[in-house]
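Here is a friendly walk through a structure, one topic at a time. Keep the 3D view open beside the text as you read.

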Amino acid sequence: MSALLDVNGVSKNFKGLRAVQDVSFSVTQGEIFAVIGPNGAGKTTLFNLIAGVFKPDQGAIAFTGARIDGHSPDEICRRGIGRTFQLVRPFPTLTVRDNVMVGSLLRRHERAAALVQTEEVLRRLDLYDKRDVLASALTLPDRKRLEVARALATDPKLLLLDEVMAGLRPTETDRMVRILIELNRTTGLTIVLIEHVMRAVMALAQRVLVLHHGAVIAQDTPAVVVRDPAVVKSYLGTEAVH
Amino acid sequence: MTSLVFADIPVRGWVALIVAAVLLLLVPPFANDYVITVLVLIFYFAFTGQAWNIMMGFAGQLSLGHAFYVGLGAYAAAALYVHFGIGPWIGMLAGILISAWCGAVVGFLAFRFGVGGVYFAILTIAFAEFARIGFDHFRWVGGSSGLFLPVAQFKHNDLWSLRGNPTMFYYVMFGLMVAALIVCRALLRSRLGFYWQAIREDEHAARALGINTFRCKMIAVVISSGMTSIAGVVFAFYYNNLFPEQTFHISKSIEIILGPIIGGIGTLIGPIIGAFVLTGLSEGLLDVLATLKITVPGAKQVFYGVCLIIVIILMPNGIWPPLARALGLTERPERKP
Amino acid sequence: MPFEIYLNVAAAGVLTGLVYGLMALGLSVIFGVIRVVNFAHGEMMAIAMYIAVTLFAAFKLDPLLMMVPIAVVLFAFGYLLQAHLINPFINRPEHSQFMLLVGIGIIILNTLLMIFGPDAKNVQTSYAFDSYQVGPLIIDATKAYAGGAAILVSAALFAFFRFTLVGQAIRACADNYTGALVVGLNVQQLYALTFGLGSACVGAAGAMIVLFIDVTPPLGPAYTLLAFLIVITGGLGSMPGALVGGVLIGVTEAMAGLLFTPSAKSMFSFALLVIVLLFRPQGLLGTSAR
């Protein structure tokens, strides 16, 4: 299978700070790919580069074979990459349903058709019962699922999830993992996720990329990466390895 | 299209709207001229408030210089009538074009260069001030001495040239107010309306959902400015004189936004309720002051200021949302899950 | 036109600009620290102007001498206003804050109108027609004194923020609100103090300005607008920027009044504002990110 997302030699500096250094990896269609590493390793910057918030100083990013680096975030979403934010950004005065409608309306311009898809997505993410609640009144786990639902409503081929498990209790984490696995299995959605919660990474990811100080220090299956000495030293600590 | 405008309104809402409309339509034969002129003013503010609300309440862009667009519409139509005898409904087209174009310039400058929030508000003030001073020197439209429309004795109402007694203007303005309400409802419930609200709430998140925020904001500004200029045309033909110092003055811009803010920004009924409350109370106050023999200039404005502050403090979302909830007319669900 | 006339007009522009700059300095301090846009700024200056005019009319007291008491009165006014009315609005959306201050401005303007009427009032000091000769320049005494006073007051304010503990505490609040709270600073009180200081600047500027301007109530909003023009041009949050901006606008308006029709001079200021907003939004001397 050809690569859906191809990141090639990408670097980004911020006023002398090298946030991302010469990072390369590819993600194949239907894969679940995780990006891990200590805080400040450049993971979110990498996502922002892919999603079009920043333009790489060097390197290229290709999606379905076409270059996307330097394009605007809305253009990249229209091309099929959906993303969530590390600190969730719901539309506070809109209901759960209306939040997701905003996403659905991207591909379905008619209100009625968008509503149909919105309700489908809400059911998938276990939010249908709360569809009339204002987003500002939701608990954190619900907001996280709303964030995913909204991005999902744009019919992405690739979903970028930025620390979507952060702040969730283990039962909530398992629920989210179940939903993501289900999505990947039934629709073939490709998922790239940044995660600190190793429980989720081990359950979800087929391959893992490890970043440290902006550079790649390991890239392999979870089992291998978790035992990599460099990874253990810089991030995981010996407790993570049984 | 019809479902956009007419669907999802609770029965109570229909009843309220129809009753209100019928009552208002039946006023002129039974009321004196004073009441009619007050209501014309209310409808005017309801209309301009709706137009302003598109930019602020829907798309989240604070404009403090909307008098700019009123003035452009007014001057365009009036000048064409005075110099070339072109009727106001044709002149209105010119007014809308000019106004929308200027709005596009303001929007383009602001959005391309990332000017938002308070800075955007100040930019809009600057344009209105620029027009106020500029038109003072604009000889062709009368400069600071003003532009005057010929006032003749009317035996009958001439709707085409907007020459007539207050009752004719009453129905014209009422029609415009209703049209604005319909248009705004359609816009709010359309794809564009959703996108505007998303931009208003969180522009960054909106972009991540594929929304071209620049284009959507531009459309909001263009529609808002074009719509506002329509009121300007009627204004010109109603009062029959225009002075740059008054027409473009910042106090006129503030008057326009008082209604929606007091009534409820971002709602459809808010600007209308706000216009009624504000104008009604203000005229009521004039009565009270007259009976108390206080004729000091400025007293009415002090009252305005106090009202404004009270509403802003006690009802930060305006009068309509709590009122709607109390009357069971709300489309929005309650806050609790 | 002879070169001296340009010079004189420019010089006069610089001096009046310094006074405008002081007024704008108050606005800059308030916005820089509290992040609230004081749309009633010019109206507050109008209060100061009317106090000065009244004191002069009743007791023949020179406005420059009354500068300090007037500044104190405005300080108290600003302090109370912030502490009781504006404080709850700090975290509210911009349009709410704006409407609150516009409401306050309307009340001030029309109360002044009710008390003093719409006719222009002015102050004619004993030295109103004196002037000094400095080389080729002929400078009005009133403008010279006013400009000098503006520099003194500004310097005092700079010193306050630089060298006193309270001043540093206020700067800490501006830099990092949460950090200031965590460190135990009484931010509410410091905010009220800051608003009071900004108002005091405006009070002092008002006392100076009556020396060479006739006072009417609608001047209030006009000066609010001017203060914004200056602060944005010079750089929001930059104190030297406010003075530089003030001088720049003062000279621009003076020269525009000379070269074109006087009534059009504000147009140039607005054009300058638009250009600054678009191309250098942080202002000429500003560094703070928006």
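## Confidence in the model

The pLDDT is the predictor's confidence in each residue, on a scale from 0 to 100. What you are looking at is a predicted model, and for chain C the mean pLDDT is 86, with 98% of its residues at 70 or more. For the model, the scores are ipTM 0.91 and pTM 0.87.

## Which chains touch

## Where C meets B

To this contact chain C gives 31 residues and chain B gives 35 residues. On the side of chain C that touches chain B, the elements giving two or more residues are α4 (94-116), α9 (219-234) and α11 (265-279) of chain C.

## Where A meets B

Here the contact takes 28 residues from chain A and 20 residues from chain B. Two or more residues each come from α2 (73-79) and α3 (96-104) of chain A, on the side that touches chain B. By class, that side of chain A has 14 nonpolar, 5 polar and 9 charged residues.

## Chain B up close

Chain B has 16 helices and 2 strands. A compact globule of 337 residues would have a radius of gyration near 20 Å, and chain B agrees because its own value is 20 Å. Along the principal axes, its C-alpha atoms fill a box of roughly 60 × 45 × 40 Å. Buried residues account for 50% of the 337 residues in chain B. If you take the contacts in chain B between residues at least 6 apart in sequence, 76% of them join residues at least 24 apart.

Is Asp287(B) buried or exposed? Asp287(B) counts as exposed because it has 9 C-beta neighbours inside 10 Å, and exposed here requires 12 or fewer. Between Asp287(B) and Met56(B) there are 231 residues in sequence and 33 Å in space, C-alpha to C-alpha.

In soluble globular proteins, nonpolar side chains tend to be buried together. In this model the largest nonpolar core has 297 residues, and those with the most contacts inside it are Met173(B), Met23(C), Ala52(C), Cys201(C), Ala205(C) and Met208(C). Helix α1(C) supplies the largest share of this core, 16 residues.

Leaving out residues up to four places away in sequence, Ala52(C) touches Pro63(C), Met66(C), Ile70(C), Val123(C), Gly206(C), Ala207(C) and Val210(C).

## The two faces of α6(C)

Helix α6 (residues 165-175) of chain C has Ile170(C), Cys173(C) and Ala174(C) as its buried residues. These lie on the same side of α6(C) because they cover an arc of only 100° around the axis. Among the elements that cover these buried residues are α1 (3-34), α5 (141-163), α7 (177-182) and α8 (187-209) of chain C.

Which exposed residues sit on the face of α6(C) turned away from its buried side? That face carries Leu165(C), Gln168(C) and Asp175(C).

Methods: Residues numbered from 1 in each chain as written. Chains lettered and ligands numbered in written order. Predicted model: local features only at pLDDT ≥ 70, side-chain atom pairs only at ≥ 80, totals over all residues. Contact = placed C-beta atoms within 7 Å. Helix = DSSP H or I, 4+ residues; strand = E, 2+ residues; numbered from the N terminus. Buried ≥ 20, exposed ≤ 12 C-beta atoms within 10 Å, placed from the backbone. Arc of directions from axis to C-beta. Nonpolar A, V, L, I, M, F, W, Y, C, P; charged D, E, K, R; others polar. Core = buried A, V, L, I, M, F, W, Y, C linked by C-beta atoms within 7 Å. Rg over C-alpha atoms; globule rule 2.2 N^0.38 Å.
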